[in-house]
Amino acid sequence: MNNKVAVYRKEHFNAAHRLHNAAWDENKNDLVFGKCNNANFHGHNYELIVKVVGVPSPETGYVIDLKLLSDIVEENVLKRFDHKNLNLDTVEFSRLNPTAENIAIVIYNILREKLEPELDLQIRLYETERNFVEYPAQ
Amino acid sequence: MVYLTRLEHFNAAHKLYNPAWSKEKNEELFGVCANENWHGHNFDMYVTIKGEIDPDTGFLFDVKKLSKLIQEHVIKKLDHKNLNLDVDFLTGKMCSTEVLAIEIWKQLVSHLPMHVKLHCIKLYETPRIYVEYFGD
């Protein structure tokens with residue numbers, strides 16, 4: 001019998017970014033990324049949903065203590081990205097284009113190593129109310 | 001009298017920073033919002049107009065025309081921009097949500113026909129923070 005349960009923690013952070021490929025000229029960047037390429041950046045309220053799947057511990061009844069998960073997300077994700085310029089203020093996106101796709105992958109990789117290996121992890125990231133991504137795709 | 005509201009969105013970068021103050025004073029007062037390389041938001045803007053219904057159309061004002069006015073005078077200037085650097089009507093002003101709401105009001109108010117009054121600009125900076133400006 002599969003006793004796995006999914007638990008979720010919802011967080012949010014506000015950040016500036018621009019979509020830009022330094023290997024391309026301005027025309028091509030404008031053509032591909034449009035107004036998201038604005039040289040002086042723009043920004044979003046990102047909504048982050050961290051999904052953790054596992055079997056509840058017989059001792060606590062928890063898949064993971066959600067307070068602990070909240071602290072891990074706060075310390076490792078929000079502190080890095082909240083009220084920051086993703087392109088200029090973070091190591092992760094100094095060379096990587098901060099699309100919602102790449103942000104989700106980066107957050108996954110950061111959190112993956114903080115969680116027990118038997119727990120499954122999935123990231124859902126809303127860039128706007130209507131645009132969101134999930135990683136890993138299932 | 002009826003009230004009609006149009007909801008629009010724009011995404012922008014900004015920072016809260018008073019250039020007359022030191023970096024330390026700005027950080028003390030504005031905290032993370034003073035980050036020198038900006039941060040950003042998805043702004044939701046509710047534009048409410050009021051007036052009497054035109055008996056011929058049943059409309060207070062054609063919402064398509066209202067939408068075009070908002071696009072032309074507000075959204076085009078703010079969406080995917082840096083509020084501190086890219087917006088002519090915010091030059092030299094503090095880019096708080098309060099100031100932004102008042103400046104948006106000023107952009108729109110003169111473009112409405114005589115029989116339509118601007119009632120309120122309601123501006124959400126985040127889903128949990130918003131301001132309202134009624135023109136007084």
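This note walks through two chains of a predicted model, point by point.

1. Read from the N terminus, the elements follow the order β-α-β-α-β-α-β-β. The C-alpha trace of chain B spans about 60 × 25 × 25 Å along its principal axes.

2. Chain B has 136 residues, and 48% of them count as buried. Taking contacts in chain B between residues at least 6 apart in sequence, 66% link residues that are at least 24 apart.

3. Next, look at the sheet of chain B. It is an open sheet of five strands in the order E3-E1-E2-E4-E5, and its pairing is mixed. Strand E3 (81–82) and strand E5 (129–133) of chain B are at the edges; each has a single partner strand, so one side of each has no neighbour in the sheet.

4. Strand E1 (residues 2–14) of chain B pairs with E3(B) in the parallel sense, over two bridges. One residue pair to look for is Ala13(B) with its bridge partner in E3(B), Asn82(B).

5. Helix H2 (residues 63–78) of chain B lies across E1, strand E2 (39–51) and E3 of chain B, and runs at about 20° to E1(B). Helix H3 (residues 97–109) of chain B also packs on the sheet, where it touches E1, E2, strand E4 (116–126) and E5 of chain B. The direction of H3(B) makes about 150° with that of E4(B).

6. Now turn to chain A, beginning with helix H1 (residues 26–33). Asp25(A) caps the N-terminal end of this helix, with a side-chain oxygen 3.2 Å from the backbone nitrogen of Asn27(A). Just after H1(A) comes Gly34(A), which takes a positive phi of about 55°.

7. Chain A has an open sheet of five strands, ordered E3-E1-E2-E4-E5, with mixed pairing. Its edges are strand E3 (84–85) and strand E5 (132–135) of chain A; each has a single partner strand, so one side of each is left without a neighbour in the sheet. Strand E4 (residues 120–126) of chain A pairs with E5(A) in the antiparallel sense over four bridges. Within E5(A), Val133(A) is the bridge partner of Leu125(A).

8. Here too, helices pack on the sheet. Helix H2 (residues 66–81) of chain A touches strand E1 (5–17), strand E2 (42–54) and E3 of chain A, and its direction makes about 20° with that of E1(A). Helix H4 (residues 100–112) of chain A touches E1, E2, E4 and E5 of chain A, at about 145° to the direction of E4(A).

9. Finally, zoom in on one residue, His44(A), in strand E2 of chain A. Is His44(A) buried or exposed? His44(A) has a relative accessible area of 1%, so it counts as buried. Its side chain makes a polar contact with the side chain of His42(A) at 3.4 Å, and another with the side chain of Asn42(B) at 2.8 Å. Beyond its neighbours within four places in sequence, His44(A) is in contact with residues including Phe13(A), His17(A), Glu127(A), Asn11(B), Gly40(B) and His41(B).

Technical notes
Residues numbered from 1 in each chain as written. Chains lettered and ligands numbered in written order. Predicted model: local features only at pLDDT ≥ 70, side-chain atom pairs only at ≥ 80, totals over all residues. Heavy atoms only, no water. Polar contact = N/O pair within 3.5 Å; in protein donor to acceptor, adjacent residues only side chain to side chain. Pairing = 2+ DSSP bridges. Contact = heavy atoms within 4.5 Å. Axes fitted to C-alpha atoms, helices over the stretch in contact; angles between N-to-C directions. Buried < 20%, exposed > 50% of the residue type's maximum accessible area, 1.4 Å probe, protein only.
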